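Subject: Model handover

Hi,

Here is the model I promised to pass on. Have a look, and then read my notes below.

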Amino acid sequence: MNSIVAMINKELLEIYRGKKLLILAILFLFIAISSPVLAKLLPVILKSVPATPGLTINIPDPTWRDAIDQLVKNLSQIGMFVLIIIFAGSISEEKNKRTLELVLTKPVSRASFIVAKFLASILTVKLVFIIATIVFYLYTISILGSFSLVNFLWLSIFSLVFLAFVVALTLFFSTIAKSQIIALALVFFTEAVLAILFASIHRIDKYSPSYVFGKYKDLMANGQIQDFLPSVTVSIIAIVGFLLLSIYFFRKQEIER
Amino acid sequence: MAGITLSKVNKKFGDFTAVKDLSLEIGENRVVGFLGPNGAGKTTTIRMMVGLSKPTSGEITIAGQKIVFGDASANSLFGYLPEQPAFYGWMTGEEYIDFIGQTFGFEVSKRKKRINELLALTDLRDARKKRINTYSNGMKQRLGIAQALINQPKVLIMDEPVSALDPIGRRQVLSVIESLKKDMTILLSTHILSDVDRICDDVAIINKGKLITFSPLSELKGKYSTQILEVEFSNDPASIIFELKKESWAGKVEKEGNHLKIWLKDEASVAQNKPLKFFANTQIGVLKYGLSLPEVEDLFIALTEEK
């Protein structure tokens with residue numbers, strides 16, 4: 001128990017000093033601010049294009065829905081991408097730099113090593129994400145009009161569960177891969193396989209961890225959160241599963257020189 | 001109770017056997033030099049002792065507790081310093097020791113006390129607030145000793161603690177180790193033999209994964225105390241070695257430049273001037289002629305070649 005607290009403290013300090021916190025904060029705040037701004041400005045930009053004779057484009061006035069569209073798109077693409085890059089090295093790099101030799105010869109169990117990495121990463125993502133969503137909400141209602149806070153809260157929570165799933169998946173591959181690059185490749189490959197799988201078999205779509213990014217419009221419109229329970233349940237089981245698998249493989253690994 | 005025991009420890013990497021049937025019993029508060037040429041299996045053995053590597057078979061205990069691979073529960077009993085230890089360079093020396101103290105669950109006051117003691121012992125007080133990535137190799141090695149001692153272990157295991165250091169760094173680290181001798185079992189691997197002469201009580205020598213000998217250093221020196229005749233010539237003595245080896249008093253001969261070391265089979269021959277007469281009959285001038293007792297290095301060569 002002591003060792004896991006020590007490890008979490010160390011991880012948080014590393015995330016802070018290694019500029020990972022800074023990178024994540026800039027990224028998520030950029031997403032939070034640029035999404036409503038882009039939604040607001042897009043019609044203006046389109047209008048500035050010289051008119052083609054005989055073609056009239058009707059551009060509806062932007063609403064908060066456009067801002068949410070942008071937000072979800074950015075989170076599910078750049079947001080996820082950067083998270084994976086930032087956390088792909090967290091275990092493989094300790095092996096390559098051999099910094100884990102001294103730690104694992106202390107009363108630090110292999111399980112607490114992995115769990116501390118996960119908790120510290122999630123804590124950081126959560127902190128940055130919560131600030132970013134507050135900024136997004138306040139900024140969007142001020143320039144594009146008000147919308148349901150409760151539904152938006154659910155959207156944020158489900159998105160966060162998905163990001164936690166991505167972090168757990170990334171840590172798993174960082175545990176079994178020999179290098180950060182291989183871990184990265186494995187995560188992207190797995191993400192691609194999952195995306196294709198869930199897209200091609202329509203019946204299982206609602207179990208996809210990223211289901212919220214496909215159905216967020218319904219969620220914002222009617223707040224039917226029970227539709228998302230299968231996806232969230234699968235995500236949480238997968239998070240626990242990936243952590244257990246990481247611990248299982250890590251326990252068997254000999255630390256090579 | 002023994003400090004460290006190994007019984008029939010084997011380690012295989014595929015077809016290659018790195019450590020073979022290694023058994024050792026190191027008594028409490030002994031300082032043991034663990035010697036062997038490069039690739040002998042020293043590091044592999046040490047990594048099994050501290051739970052970083054899994055023995056293919058056999059059993060290891062430290063301070064009476066069995067080492068189980070993948071289980072950290074015995075880790076509070078020993079301190080470990082790997083060869084060229086890797087730290088979190090973004091931490092300061094003080095922060096690192098504090099972090100290690102936290103892993104043992106020490107209270108803030110105890111950690112503070114230990115940090116001060118250890119930084120004083122390892123002469124790192126001036127660098128305590130500096131990031132570790134600005135430390136020299138010698139400072140890192142001393143920080144490595146500090147982190148290994150935070151829990152006041154009964155057993156201290158060090159892999160080549162001085163081999164990467166310059167002479168000044170070596171002297172500093174060795175004097176730290178010397179100051180620890182009284183109250184813990186220390187195992188240190190090295191290929192620098194003069195270090196063993198300076199600080200060790202016992203010597204364990206392995207070669208090709210097998211234990212060649214394990215005995216008190218003094219006993220070993222007594223057993224292999226054959227006198228060595230050292231002769232320095234004006235020219236290269238290569239041409240006389242063949243004839244020299246035929247002499248009844250000459251054993252093993254080792255040549256280094258214009259210098260020969262001859263292990264004497266018959267020590268009385270020196271009193272009878274037999275070697276001197278032999279050299280007088282050659283066409284090479286003798287510059288120096290004298291007897292010496294074997295150093296650890298000579299023992300090491302004699303032992304590894306013998307087996």
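First, the ground rules. This is a predicted model, so to speak of local features we need pLDDT of at least 70, and side-chain atom pairs count only at pLDDT 80 or more, while totals for chains, interfaces and linings use all residues. Residues are numbered from 1 along each chain as its sequence is written, chains are lettered from A and ligands numbered from 1 in the order in which they are written, and side-chain values use heavy atoms, with hydrogens and water left out.

Helices in chain A

Helices (H or I, at least four residues) and strands (E, at least two) are DSSP runs, numbered from the N terminus. The expected span of a helix is 1.5 Å times one less than its number of residues.

Helix α6(A), residues 110-144, should span 51 Å with its 35 residues, and its end C-alpha atoms are 49 Å apart, which agrees. Just after α6(A) comes A:Gly145, with a positive phi of about 95 degrees.

Cores

Which residues have the most contacts inside the largest nonpolar core? They are A:Ile68 and B:Ile157, in a core of 160 residues. (A nonpolar core is a set of buried Ala, Val, Leu, Ile, Met, Phe, Trp, Tyr and Cys residues joined through side-chain atoms within 4.5 Å.) The largest share of this core comes from α7(A), with 16 residues. A second, separate core has 16 residues, among them B:Phe278 and B:Ile284.

The sheet in chain B

An open sheet of 4 strands runs in the order β12-β13-β11-β14, with antiparallel pairing; two strands pair if DSSP finds at least two bridges between them. β12 (250-256) and β14 (286-292) of chain B are the edge strands, each with a single partner, so one side of each has no neighbour in the sheet. β12(B) is joined to β13(B), residues 259-264, by 5 bridges, and B:Glu254 stands opposite B:Lys261 in β13(B).

Loop residues to look at

Most residues other than glycine have a negative phi. B:Gln152, not a glycine, has a positive phi of about 45 degrees. It is found in the loop between α4 (137-149) and β7 (155-159) of chain B, and is exposed at 52% relative accessible area. B:Asn273 also has a positive phi, near 60 degrees; this residue is in the loop between α9 (268-271) and α10 (274-280) of chain B and is partly exposed at 37%.

Cheers

Note on methods. Buried < 20%, exposed > 50% of the residue type's maximum accessible area, 1.4 Å probe, protein only.
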